[in-house]
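Me: I would like to learn how to read a protein structure, one feature at a time. Where do we begin?

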Amino acid sequence: MQDFEKTLDAFIWEDFKSLMSNPLLFNSYVDYFLILVDWIKKNKAGLEYSVYWNRLSPILDVDIYDYISKEPEILLDLESKRMFNLKPDTVDSFVMRLGDTLWDLVKLRSGKDCPRCKDDELNYVVAEVLKTAEKKLILECDTCGRTLNSDGTEWSDGVAIIHPANESIVNKYLGVN
Ligand SMILES: [Zn+2]
């Protein structure tokens, strides 16, 4: 293991697992999202230096009632096992697991397949380009990470913060009323 892959402390993991005693945790996707986000914000200091933090942090401040996905892949019945059973070895793998989970709860399917993964659908996201601060609606594959412009051409505007999109944002960018 390399130096930068910091081991996840047992006490953080135990604290995270204590969320399972909250009867609302798996009550609904919205509840699950709110409880996870609340815990992540409280434990930010132990997580934010991960290389995957930039992927997770833009989701923490969305209004979940405007962003909740209609098609999450995770099943709440199976989350105690998938999310809470096995301690991730490193802070990075933990932050990645949290980020993937939150993204699954806000993702907006585009109806278009990823040209590389074929059967995998692309999601709408908003890319905020760091250099220019310009925001743009793009398509992203959550399997391979490929990014395309909304017209299907390759997107390559450089380093960007990726924010979730919802239907009203997509309509605004695509000029639909
Ligand atoms: Zn793909």
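Predicted model: local features only at pLDDT ≥ 70, side-chain atom pairs only at ≥ 80, totals over all residues.

Me: Which domains does the domain assignment give?

Reply: The assignment gives domain 1 as residues 10–106 and domain 2 as residues 109–174. Their C-alpha centres lie 22 Å apart.

Me: How many residues of each domain are in contact with the other?

Reply: On the domain 1 side there are 9 residues, and these are in contact with 7 residues of domain 2. Helices α4 (64–67) and α6 each supply at least two residues of the domain 1 side. By class, that side has 6 nonpolar, 1 polar and 2 charged residues.

Me: How does one describe two packed helices?

Reply: Two packed helices are described by the angle between their axes and by the distance between those axes. Here, α2 and α6 pack at an angle of about 145°, and their axes are 10 Å apart. The crossing of α2 past α6 is left-handed.

Me: Which residues of α2 and α6 meet?

Reply: From α2 come Tyr-29, Phe-33, Leu-36 and Ile-40, and they meet Leu-98, Thr-101, Leu-102 and Leu-105 of α6. Sorted by class, this contact has 7 nonpolar residues, 1 polar residue and no charged ones.

Me: Where do nonpolar side chains tend to be in soluble globular proteins?

Reply: In such proteins, nonpolar side chains tend to be buried together. The largest nonpolar core in this model has 17 residues, and Leu-36, Val-95, Leu-98, Leu-102 and Val-106 touch the most other members. Both α2 (29–42) and α6 (91–106) supply at least two residues of this core. The most comes from α6, which gives 8 residues.

Me: What does Val-95 touch, leaving out residues up to four places away in sequence?

Reply: Val-95 touches Leu-47, Ser-50, Tyr-52, Trp-53 and Leu-56.

Me: How do I judge whether a helix lies in the open, and what is the case for α7?

Reply: Count its buried residues; a residue is buried if 20 or more other C-beta atoms lie within 10 Å of its own. Helix α7 covers residues 167–174, and of its 8 residues the number buried is 0, so α7 lies largely in the open.

Me: What follows α7?

Reply: Gly-175 follows α7, and the phi of Gly-175 is positive, near 75°.

Note on methods: Residues numbered from 1 in each chain as written. Core = buried A, V, L, I, M, F, W, Y, C linked by C-beta atoms within 7 Å. Buried ≥ 20, exposed ≤ 12 C-beta atoms within 10 Å, placed from the backbone. Helix = DSSP H or I, 4+ residues; strand = E, 2+ residues; numbered from the N terminus. Contact = placed C-beta atoms within 7 Å. Domains from an automatic or database assignment. Nonpolar A, V, L, I, M, F, W, Y, C, P; charged D, E, K, R; others polar. Axes fitted to C-alpha atoms, helices over the stretch in contact; angles between N-to-C directions. Left-handed = near helix turned anticlockwise from the far one by under 90°.
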